[in-house]
Amino acid sequence: MQQTHKQKRLSAWSTPILLIAVLLVFVLLIAVLGDNSLARMAAQTMIRVVFVVGLWIFVGNSGVVSFGHVGYMAIGAYCSAWLTLKPQMKGMFLPDLWSFLANAEWPVLPAAIVSGLLAALVALVSGAAILRLTGIAASIATFAFLAIVHTVYSSWEGVTGATSSVVGLTRYADHWVTLGWAVAAILVASIYANSASGLALRATREDEVAASASGIDMYRHRLLALVVSAFFTGVAGALFGHSLGVLNPNSFYLGVTFITLAMLVVGGIGSLTGAVTGVLVLSILIEVLVRMERGVELGGTNLALPAGAQEILIGIVMILVLILRPTGLSGGRELRLRLGGRRPN
Amino acid sequence: MSKLGVFDVSVRYGKVPALTDVSLQIEEGERVFISGPNGAGKSSLLKAICGAVPTTHGRIEIGGMLVAGRPPEAIARLGMTMVPEGRDIFGTLTVEENLRVGTGIRRDRDAIESDIDEIYENFPILGERRQANAGALSGGQQQMLAIGRGLMTNPKVMMVDEPSLGLAPNIVDQVYETLIRLQKDRGLTLVIVEQSSARAARVGGRMVLLRGGTVVDEGDAAEFAERDLLKEAYFGQSAEEPA
Amino acid sequence: MNAIPQLFFDAMSLGGIYAMAALGIALIFGVMNLVNFAHGEYIAFCVFALIVPSTDAVAVLFLGKAPALLLIPILLALGAAIAVASEFVVFRHMRKATPVAMMISSFALGFVIQNSLLLIYGSRPKAISLWPDLNKPVSVIGASVPLLQIIVILATLVVVVALALLLKKTKIGLEMRAAAENFTMARLLGVRANVVITGAFALSGALAAAVAMIMVTQTGVADIRMGGQIMLVAFIATVIGGLGSLPGAVAAGFLIGAASVILQAFLPLDARPFRDAFLYTFVIVILLVRPQGLFAAHSAKPRV
């Protein structure tokens, strides 16, 4: 017996609900059992979920690898700082801000939303250009975009503080706030993936030529996916700033690009479940490695992993996954409940 | 020794079967035409023999040597060469460079230059345009170049996938004339994918009919041509058209 | 007035470095459709091979102490070795993978190499003095030019000509060009895939070593981040040049070098820190006008 159409749709909706339940259990366990440092780790993990799920909305559906999303993250992070920092501080450290921004003292939630919207707007403009390209050329253009954002934010002394850090952001982004945004990101990602645009875009993922021949306007769907995707990466940036309290352009460059891409690849680019799995697995691995870098007491001697070992190990894990299981841990499948009916064989 | 043996060979692309348990014996110096409707597995058979696609089942032998599982460059060293459908000449290389790509596997270095001259004698137009980019040649000239390029590997078996595709009939005649002459001169074994039984009968040789990935019939090309002619007379259409 | 010849030499020597780096990337892309993000780290690896492993701020020359006649071939061989090793360890196992998967794994490999250097040498940039005499200015057609610039320009010419001859006149060169255009067909004609790919990686690694020697002499610094920036420019050059086209990569390398020097000279003072942003924007604009690159190879066109 096969599933009916309705059952299939319900089954598709079980994916985000299951993923949200997993995240909820993860955060609850840490909130109940863990210390402050683990709670911070949980918040960082949820921010990565927001970012990687956001990234997946574009990369997972279009099949175009983007190296540029950390650029949208930086844009969101700085925007939230502009909107929420105390005007006196901005006057001192960011003297060239427009008066509207210099005087703004917004509550954090609207600031996060507007930060996401600004990132989405920049995505609309940059994507309108970059997405005219296809395949590898598009990927490299996203890299150029990241370099542009990085150059601008590291040099625009009076607006971004250039390479000196912006400090004093309210540290409101704890594990509960970030969990809320992670839930929102997963819901929107599911809605998009199951929308007409998401389905059409995934058809182009397999074969650009065939899809365009069948009349799918790949460019428009890619642009829409990029804009939605950039919104959440922008919000992730805002949350990132408000969890550490400090911003520096160097936090938004190749390092984060590498780690987040690693999460997407290890989990599996092909599915939303993969994106979330990758974040959880690698975040736990990173936490273990960070603790080992600090040192572990073993029989009276302090054994510590040297700095850099973390990236090396993650890089090796990523390469091994790409060689041995190119579809990632999730194998490109979604976690879902099967409602009625049996898998047809 | 260049007997070609195909035993129970199957090929799949993902889950789609392209060939199922195909067996075929071809003697040294023989001329065999592979025919059948589109999607019958003709190109897959040739590709499996030369190692361009992996087989999922069965074995292939050239001169008693097992080839299945070897990479294409190793199979080429056993004396197998392929002129693929669509020719696949190297458009950015010159005509002469195209001819030289495959000479790396030859042990008889001294004979290379004389072989190139021989090809220019057989195909004078290639000699005239030896320094031209191969991409600038016409379809017929590219077909000749692809055959010449295959010959330069000094093969024992040559497989040609649809030499008549996209060429004017008089050019096709010319291509076949050359193939037959070369076969006589060099004692080549020839395996040719050819849709038209009439043309195969005119050239002469054995014909193998594939359908749905299996061998459905086998015999003298002339008999096939006669039968097809009858069918055409009865049904008013060419029997080679896929049903 | 000697500003114009000065600019010319600046542009040519910077463009030469970019061209060599771009060639290294284009060679591998041509043969196996791999966008090799680890290329920048081959350069950094070669730079650090010059000095004694330690986390001190001042570098003690190690290989760098060897006389040039010995040092140059050793470093070229070392560059070739790391490139070939990376093919052997990583990319050989990905022959059936998609170009996207290969690109991401090269990105990961680059990170592994970079952090291994970090582990051994520490993250602080180090002063390093290789062939300091080459930075002395000499006078050429009214411009005062560091000797190194002239050497860079000559070296680029030598490398490009040597590579062109290798590709045009040797058997492996012919096989590489054939494989770059149609890998399967080349193999059907007996071209050994592994030999061609190993050859391409060796050449690419040697080019990285050449870039490393020039950069280190010019800047006097060894920095584990130095590979990243040049790699990005080199990538962009290969895309503008038409992915897979070697002459295109060289031409685009020079073009970007020239654009970069011209922007530096003529941008208003306030805007100069943003030079790279202008440069990359200019690049995206070029790609929009000609997505297939300025000098597209025949094979780069999508087959429909």
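**View 1. Surroundings of V50(A) in the predicted model.** Beyond its neighbours within four places in sequence, V50(A) is in contact (C-beta atoms, placed from the backbone, within 7 Å) with T178(A), W181(A), A182(A), A185(A), F232(A), V235(A), A236(A) and L239(A). Residues are numbered from 1 along each chain as its sequence is written, and chains are lettered from A in the order in which they are written. In this predicted model local features need pLDDT of at least 70 and side-chain atom pairs pLDDT 80 or more, whereas totals for chains, interfaces and linings use all residues.

**View 2. The largest nonpolar core.** A nonpolar core is a set of buried Ala, Val, Leu, Ile, Met, Phe, Trp, Tyr and Cys residues joined through C-beta atoms within 7 Å; buried means that 20 or more other C-beta atoms lie within 10 Å of the residue's own, with C-beta atoms placed from the backbone. This core has 290 residues, of which V50(A), V53(A), A22(C) and V211(C) touch the most other members. Helix α1 (residues 3–32) of chain C gives the most to the core, 18 residues. Helices are DSSP runs of H or I with at least four residues, and strands are runs of E with at least two, numbered from the N terminus.

**View 3. The side of chain C that touches chain A.** Here 39 residues of chain C are in contact with 36 residues of chain A. Two or more residues each come from α4 (99–121), α9 (226–240) and α11 (275–289) of chain C. The most, 15 residues, come from α4(C).

**View 4. Chain C.** Chain C has eleven helices and four strands. Buried residues make up 53% of its 304 residues.

Conventions. A residue is buried if 20 or more other C-beta atoms lie within 10 Å of its own, exposed if 12 or fewer, and partly exposed in between; C-beta atoms are placed from the backbone. Two residues are in contact if their C-beta atoms, placed from the backbone, lie within 7 Å.
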